[in-house]
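Subject: Structure handover

Hi,

Here is the structure for you to look through. Please open it first, then read my notes below.

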Amino acid sequence: MEKGRFITIEGIEGVGKSTHISFIANTLRGKGVPVLTTREPGGTPLAARIRELVVNKSEDPPSIQAELLLIFAARAEHVIKVIQPALARGEWVISDRFTDSTYVYQGQGRGVPKALISKLENFVQGALRPDWTVLFDLDPRIALERAALRGKRDRFEEEGIIFFRRLRASYLRRARSFPQRFRIVDANRPLESIQNDLKTILDTFLIEKSLN
Ligand code: Z5A
């Protein structure tokens with residue numbers, strides 16, 4: 001059976017990742033593609049428990065080192081138990097965040113050396129890398145306003161605007177470093193206009209797939 005494809009959805013909080021992931025999945029399903037949606041940290045019961053430790057506010061927050069290892073522990077569970085089996089079954093996996101988030105949040109945000117993230121990436125994922133990544137790009141001021149409207153703030157949303165400006169710049173640098181893999185979507189537009197772009201992007205994925 002032909003192996004599936006792996007799509008990741010990235011961007012700082014509030015850019016619309018959760019909003020658009022079901023549109024992406026439904027559009028692909030409408031074209032006959034079997035799709036599994038998932039998210040990070042998460043995707044398995046153990047990874048979901050780790051997610052709480054990473055994301056929720058706490059009186060005893062993890063150190064930078066522990067945060068990094070918790071994220072990769074959750075990712076190992078997710079890759080081995082969910083992502084690789086689905087790809088082997090021929091499904092397309094769409095994950096709300098993956099290792100680009102680690103390069104951006106732990107690397108740029110927390111100052112973890114890129115080389116260390118790369119070692120853990122190789123250890124946990126082997127050769128697995130996303131085929132394509134959709135980056136939703138938005139001014140952090142607007143993104144945080146949108147996130148705030150939803151209510152509950154997590155540990156990362158406690159960080160100030162400067163932190164999120166650095167993260168946005170880091171995402172855009174990664175997109176420039178991997179132009180084949182990344183598609184950047186301007187998220188500062190009405191939903192319908194963003195969805196029109198997404199339809200075009202998904203068509204390019206289907207064309208690339210048929211060529212490879
Ligand atoms: N993390 C990490 O540090 N390292 C890692 O390797 C990984 C994760 C994998 C998980 O967050 C946290 O884990 C994350 C980094 C860290 N940090 N935080 N915080 P998450 O992915 O669960 O949560 P998030 O990134 O914060 O997602 P979010 O806040 O749910 O944002 P979103 O999914 O991008 O946005 P949304 O919920 O779809 O939209 C936000 C609101 O805007 C909502 O009310 C929408 O209706 C509205 N919206 C969306 N689009 C529009 C448009 N176009 N116009 C107007 N309003 C809109």
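A polar contact is a pair of N or O atoms within 3.5 Å; within protein, one must be able to donate a hydrogen and the other to accept it, and residues adjacent in sequence count only if both atoms are side-chain atoms.

Two notes on the source. This is a predicted model, where local features need pLDDT of at least 70, side-chain atom pairs count only at pLDDT 80 or more, and totals for chains, interfaces and linings use all residues. Residues are numbered from 1 along each chain as its sequence is written, and side-chain values use heavy atoms, with hydrogens and water left out.

**The ligand**

Which atoms meet the ligand? A backbone N or O atom of Val15 is 3.3 Å from a ligand oxygen. Thr19 has a side-chain N or O atom 2.4 Å from an oxygen of the ligand. Asp154 places a polar side-chain atom 2.7 Å from a ligand nitrogen. On its own, the ligand has 1,100 Å² of accessible area (Shrake-Rupley method, 1.4 Å probe), and the protein covers 84% of that area.

The ligand is surrounded by 27 residues, each with a heavy atom within 4 Å of it. Glu13, Thr19, Arg51, Arg97 and Arg150 are the closest. Helix 4 gives the most to this shell, with four residues. Helices here are DSSP runs (H or I, at least four residues), numbered from the N terminus.

**The largest pocket**

Where does the ligand sit? It sits in the largest pocket, meaning that more than half of its atoms lie within 2 Å of the pocket's grid points. A pocket is an open set of points on a 1 Å grid over the protein atoms alone, where a 1.4 Å probe fits, with protein on both sides within 12 Å along at least five of seven lines. Lining residues have an atom within 4 Å of a point.

The volume of this pocket is about 790 Å³, taken as the space filled by probe spheres set on the points. Its lining has 32 residues. Glu13, Arg51, Arg97, Asp154 and Glu157 lie nearest the centre.

**The second largest pocket**

This pocket has a volume of about 170 Å³. Its lining includes Tyr103, Lys114, Arg173 and Phe178. Helix 7 (161-177) supplies at least two of the lining residues, as does helix 4. The largest share, four residues, comes from helix 7.

Best wishes
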